[in-house]
Amino acid sequence: MSNLEEPSESSLDSAQTLPPFPFLDLPSELRSKILSYLLCTDRRTIDLDPANHRTSTARLHLFLVSKRFGYEAYHVFYARHTFRIFQTHGRFLGKRTEPLIARLPPYYRRALTSLELRLGPGWSDPPKPWYVSDRLGLEDCTAVRTLRVFVEVDPSSPVFKGFRLNRHFFTNFSGALLQDVMERLPALETVEFDAYPSVERDGALMTRLLEVTKKVDMRIAWGSQREWGDSLADELEKAGVKARRARGI
């Protein structure tokens, strides 16, 4: 049994007579902090998902409070979450289902700061919506500095022999997809890689993804799940490159 008492009519009347709180008079840093508590979900990566109506829809109603409040709220919401470029939920993999970022108006895409490319679903037959074109509006993502690439499986591994089309199919597909995405993001600086434990950093898929990323001179970072980092060989190679450059070689 609850110990909470029903509010009396007098207390409700007094609450209704209180003046509205001057939220917009607060310093912008404090407003942003408060909005982040209200708008940020436990799932920091947003994708097409049947659960969105439970986790995000109610929060988005804050956009409708006023024009100025909505402007600040949507900037916090879209900047503080990572948006997945291509959907991975089975319900939304039909060829006529557009990715989530393709559904956003350009001014929401301009507020995004990080995107995720998840590789693995449909490794034997990639979903039909998984291709880069103007419809995605990646050129609108002028504030995106970080692209997170998460690899679920590497079908080039011997364990997939007999189930894959060929050893290099998904490697070639993923490398081309990553390259197309990077070429369309105008302000991209960092590509962050992460993966499930079964994925090897020196496997064919990761090797291809790293080659494609280095070719366009992007900074490479490592996610926290796989706990990859620069190996000693990598550090020595980088040091050698810096030394050769310093000597003008």
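User: What share of the contacts in the protein with a separation of 6 or more comes from residues 24 or more positions apart?
Analyst: Such residues account for 78% of those contacts, a contact being heavy atoms within 4.5 Å. The model is predicted: local features need pLDDT of at least 70 and side-chain atom pairs count only at pLDDT 80 or more, whereas totals for chains, interfaces and linings use all residues. Residues are numbered from 1 along each chain as its sequence is written, and side-chain values use heavy atoms, without hydrogens and water.

User: How many helices and strands make up the secondary structure of the protein?
Analyst: There are 10 helices and 6 strands. These are DSSP runs numbered from the N terminus, with helices being H or I of at least four residues and strands E of at least two.

User: Why does the distance between the end C-alpha atoms of helix α8 agree with its number of residues?
Analyst: The expected span is 1.5 Å times one less than the number of residues. Helix α8 (residues 169-184) has 16 residues and should therefore span 22 Å; its end C-alpha atoms lie 23 Å apart, in agreement.

User: Which residues of α8 are called buried, and what do they pack against?
Analyst: Buried means under 20% relative accessible area, exposed means over 50%, and partly exposed lies in between (1.4 Å probe, protein chains only). In α8, the buried residues include Phe170, Phe173, Leu177, Leu178 and Val181. An α-helix has 3.6 residues a turn, so residues three or four places apart point the same way. The buried residues of α8 pack against β3 (114-119), β4 (146-151), β5 (190-195) and α9 (204-215). Over the whole protein of 249 residues, 42% count as buried.

User: What makes β3 and β4 a pair, and in which sense do they run?
Analyst: Two strands pair if DSSP finds at least two bridges between them. Strands β3 and β4 are joined by 6 bridges and run parallel, with Thr146 of β4 as the bridge partner of Ser114. Strand β4 also pairs with β5 in the parallel sense over 6 bridges, and Phe150 stands opposite Asp194 in β5. Of the 6 residues of β4, 5 are buried.

User: How many disulfides does the structure hold?
Analyst: There are 0 disulfides, the term requiring a pair of cysteine sulfur atoms within 2.5 Å. Cys40, at 18% relative accessibility, counts as buried, and so does Cys141 at 0%.

User: Why is the charged end of Arg135 said to sit over the ring of Tyr131?
Analyst: The term requires NZ of Lys or CZ of Arg within 6 Å of the ring centre and within 35 degrees of the ring normal. The charged end of Arg135 sits over the Tyr131 ring, 3.8 Å from its centre.
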